[in-house]
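Q: I'm new to reading protein structures. Can you walk me through this one, feature by feature?

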Amino acid sequence: MSTEPDALPCADLRVVEFTHMVMGPTCGLILGDLGAEVIKIEPLEGDNTRTLLGSGAGFFPTFNRNKKSLAVNAKDPRGLEIVLRLAATADVFSENFRGGAMDRLGLGYETLRRLNPRLVYVAHKGFLPGPHDHRTALDEVVQMMGGLAYMTGPEGRPLRAGSSVNDIMGGMFGAIGALAALRQRERTGCGQEVQSALFENNILLVAQHMMQFAVTGQAASPMPSRISAWAIYDVFTVAAGEQIFLAVVSDKQWRVFCDAFGWADLIDDPRLGSNNQRVLARDWMLPLLRERLAGRSAAEIGTIFEREGLPFAPITRPDQLLDDPHLLASGGLVPVTLPDGRVTRTPLLPLTLDGRRPPLRLDPPRLGEHTDELLLRLGYREGELADLRAAGVIGPAASADGDR
């Protein structure tokens, strides 16, 4: 596959994105990485993730590459007209505001469907239609009420997953739904509304635990206290306090594991002959293995496991992945310029098309960076842009040194 923009599978699509935070922007990220022109509509003060601190500091640069920024006051009739004119030219319109907000603004599905019958309208919500659809949802809210926090933390201490898993996957399903609706549009000529929701996404994440109960009659235990399906599937603390995750998940792997470390006595032990026997022996077997491995370094153990084809993993912090040799060698990390001018690396989508990763084409935009370009293409004249800017309808022209 060529890396030229017009060779990407969604290169003929225009997406208008009226989103913020993570869920909606993830949908646009995916479509943009696949080649679509994604126009991010921002308020004059900018998407609030541009200025978040702490765990939110990475939101904007992660989920807003391959997009163009248009800064406009959509509450002003003249600003709303700009958004409507863009929507009339779009293939996809994506939003992730609370139910009713887009209707009040004049950008609801029925309004845009009448304007552009071919439009695919993607609504990212907290809940699909039902008794809870009026609630305000966040990733952590649905993790708590959807069983994921219960499964992640130890008994009595529900703990959210360490990433915005529902926001990201909810945006993924929004993109999948959009692509499916576009495929159907090829047959019908008509667009449709697609809905994706945090709570229902979370339910898919815990579906295996729901079905475990349906099959066994036993409620799933939280992951830290679960009965593992495999005898060795755990983190080991070894020399110098290093940690490494080790897995031995079959009888063949057990023999390979014991041979590799010269532990013939464990191969011959009749109490450890099968995986199920080893699961039942974990109480005394794991302390024995921890004692035998304690003097070896994580690197030495990892070398042995890799040589023997056994599953293992060093315990890695996310910041260390910016220099990960596999990601660098495989093209999974690319340089990106942040809106403030700093250069770092960012991970690409975890897929290849014809052997290539969908590329970074546009850095995360400065606020309003593409406003003039987009409005001129819509037919506005330079003088009209000046009048709109003076009236506070569109933002100031973005300077080359950033959006500060």
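Q: How many helices and strands are in the protein chain?
A: Helices (H or I, at least four residues) and strands (E, at least two) are DSSP runs, numbered from the N terminus. Here the protein chain has 18 helices and eleven strands. Keep in mind that this is a predicted model, where local features need pLDDT of at least 70, side-chain atom pairs count only at pLDDT 80 or more, and totals for chains, interfaces and linings use all residues. Residues are numbered from 1 along each chain as its sequence is written, and side-chain values use heavy atoms, with hydrogens and water left out.

Q: What share of the residues is buried?
A: "Buried" means under 20% relative accessible area (1.4 Å probe, protein chains only). In this chain, 43% of the 404 residues are buried.

Q: Which residues have the most contacts inside the largest nonpolar core?
A: A nonpolar core is a set of buried Ala, Val, Leu, Ile, Met, Phe, Trp, Tyr and Cys residues joined through side-chain atoms within 4.5 Å. The largest one here has 31 residues, and Phe18, Ile41, Leu70, Ile82, Phe93 and Leu107 have the most contacts inside it. Helix 3 (77–88) and strand 2 (37–42) are among the elements that each supply at least two of its residues. Helix 3 gives the largest share, six residues.

Q: What does Ile82 touch?
A: Contact means heavy atoms within 4.5 Å. Leaving out residues up to four places away in sequence, Ile82 touches Leu70, Val72, Leu375, Leu378, Tyr380, Leu388, Val393 and Ile394. There's also a second, separate core of 25 residues, which includes Ile244 and Val279.

Technical notes
Buried means under 20% relative accessible area, exposed over 50%, partly exposed in between (1.4 Å probe, protein chains only).
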